[in-house]
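Please take a moment to look over the structure shown below.

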Amino acid sequence: MTELSYLDGNMLDGPLRELLAVDLSATTGRCDTCGMTGPMAGLHVYSHAPGLVGRCPACTGVMVRLVRAPERAWLDLRGTTYLQVPMPLEQRLRPAP
Amino acid sequence: MGIVSPGFQGRPRSSAPDLPPGQYLTEDFPVLSAGPTPRVAPDTWEFVLTSETGAEHRWSWDELMRLPQETPTVDLHCVTRWSKLGTTWQGVSLDTLLDGVDTDASYALAHSYGGYTTNLPLDDLRGGRAWVVHTYDGRPLPAEHGGPARLLVPHLYLWKSAKWVHGIRLLVDDRPGFWETAGYHDYGDPWREQRYQGD
């Protein structure tokens with residue numbers, strides 16, 4: 001009997017790119033179950049399932065669920081308190097002197 | 001040797017008449033899981049039926065084994081499109097477990113060790129159509145297939161047959177489970193191909 005293996009959060013990039021423009025592997029997420037904050041690329045993703053289930057590497061709480069039907073997809077991020085997304089440096093407009 | 005080879009007369013597997021629409025036949029037993037496999041020893045396992053009033057009915061492993069045992073042979077249909085025919089199990093009918101449970105509930109929410117849940121109409125657990133099974137193909141149910149015991153409700157897609165089942169809550173109102181809150185169909189009849197919400 002072998003434990004089902006999981007993939008890392010990088011594998012969510014392709015499926016999520018269909019919905020979101022954000023590169024998930026570059027984001028940081030907070031687990032809503034245990035509060036651990038870390039790279040979303042570090043999630044344990046169970047893909048031998050009816051959908052993708054991304055779990056917190058610390059507490060195994062579900063942080064992401066993604067179900068793909070032929071013409072629809074469902075994304076559940078309720079287990080992720082926030083996603084911290086790197087952004088390009090904001091170009092602030094300075095008032096003219 | 002026959003004059004006509006079996007391959008000539010054989011139907012393509014995908015159009016076998018005993019498969020629901022969109023399913024293909026598999027001979028092995030794929031393992032699907034949405035998380036780490038819970039390891040529950042039979043001596044710590046228990047099954048809890050909780051009625052809508054909060055009344056609890058509990059069975060230990062030994063108590064489950066002392067109940068009348070049935071040996072259903074059933075077809076399995078997974079929403080990921082594989083079907084496996086003629087699987088043999090041993091376990092206790094939900095009719096037996098629900099016998100003597102006073103309830104006016106119409107819905108059930110099965111819950112598992114590891115946190116998985118799935119919902120069904122209570123009627124679908126009655127009438128000789130649902131079991132708590134502990135033996136598959138003559139052997140103790142392996143953990144990766146839901147052992148020590150899982151729910152078996154073969155007339156619905158297999159996600160309804162909760163692995164590592166720990167109990168069932170009887171509910172007045174329907175409460176969608178793990179996959180049912182993530183786009184999958186609330187009922188999941190494979191013969192009507194109820195895969196996703198709205199199917």
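A residue is called buried if 20 or more other C-beta atoms lie within 10 Å of its own, exposed if 12 or fewer do, and partly exposed in between, with C-beta atoms placed from the backbone. By that count, buried residues make up 37% of the 199 residues in chain B. This is a predicted model, in which local features need pLDDT of at least 70 and side-chain atom pairs count only at pLDDT 80 or more, while totals for chains, interfaces and linings use all residues. Residues are numbered from 1 along each chain as its sequence is written, and chains are lettered from A and ligands numbered from 1 in the order in which they are written.

Helices (DSSP runs of H or I, at least four residues) and strands (runs of E, at least two) are numbered from the N terminus. Chain B holds three helices and eleven strands, and along the sequence they follow the pattern α-β-β-β-α-β-β-α-β-β-β-β-β-β. The radius of gyration of chain B is 18 Å, close to the 16 Å that the globule rule gives for 199 residues, so chain B is as compact as a globular protein of that length. Here the radius is taken over C-alpha atoms, and the rule is 2.2 Å times the number of residues to the power 0.38. Along its principal axes, the C-alpha trace of chain B spans about 65 × 40 × 35 Å.

Strands of a sheet pair through backbone hydrogen bonds, either parallel or antiparallel. Two strands are taken as paired if DSSP finds at least two bridges between them. In chain B, five strands form an open sheet in the order 3-2-11-6-7, with mixed pairing. Strand 3 (56-60) and strand 7 (117-121) of chain B stand at the edges with a single partner strand each, so one side of each is left without a neighbour in the sheet. Strand 2 (residues 46-50) of chain B runs antiparallel to strand 3 of chain B, and five bridges join them; one bridge partner pair is Glu46(B) and Ser60(B). The hairpin of these two strands has five residues between the strands, and Gly54(B) takes a positive phi near 95° there. Strand 2 of chain B also pairs with strand 11 (residues 165-171) of chain B, in the parallel sense over three bridges, and Val48(B) stands opposite Gly167(B) in strand 11.

Further pairings involve strand 5 (residues 82-93) of chain B, which is joined to strand 1 (residues 24-25) of chain B by two bridges in a parallel arrangement. With strand 4 (residues 73-77) of chain B, strand 5 of chain B pairs in the antiparallel sense over four bridges, and Val74(B) has Thr87(B) as its bridge partner. Strands 4 and 5 of chain B form a hairpin with four residues between them, and Arg81(B) in the turn has a positive phi of about 95°. Strand 5 of chain B pairs with strand 8 (residues 131-136) of chain B as well, in the antiparallel sense over five bridges, where Gly91(B) has Val133(B) as its bridge partner.

A nonpolar core is a set of buried Ala, Val, Leu, Ile, Met, Phe, Trp, Tyr and Cys residues joined through C-beta atoms within 7 Å. Which residues of the largest nonpolar core touch the most other members? Of its 60 residues, these are Trp131(B), Val132(B), Leu151(B) and Val165(B). The largest share of this core, five residues, comes from strand 6 (residues 62-68) of chain A.

Two residues are in contact if their C-beta atoms, placed from the backbone, lie within 7 Å. Leaving aside neighbours within four places in sequence, the contacts of Trp131(B) include Trp89(B), Gly91(B) and Leu152(B). Thr135(B), which lies in strand 8 of chain B, has 17 C-beta neighbours inside 10 Å and therefore counts as partly exposed.

Between the chains, 18 residues of chain B are in contact with 17 residues of chain A.
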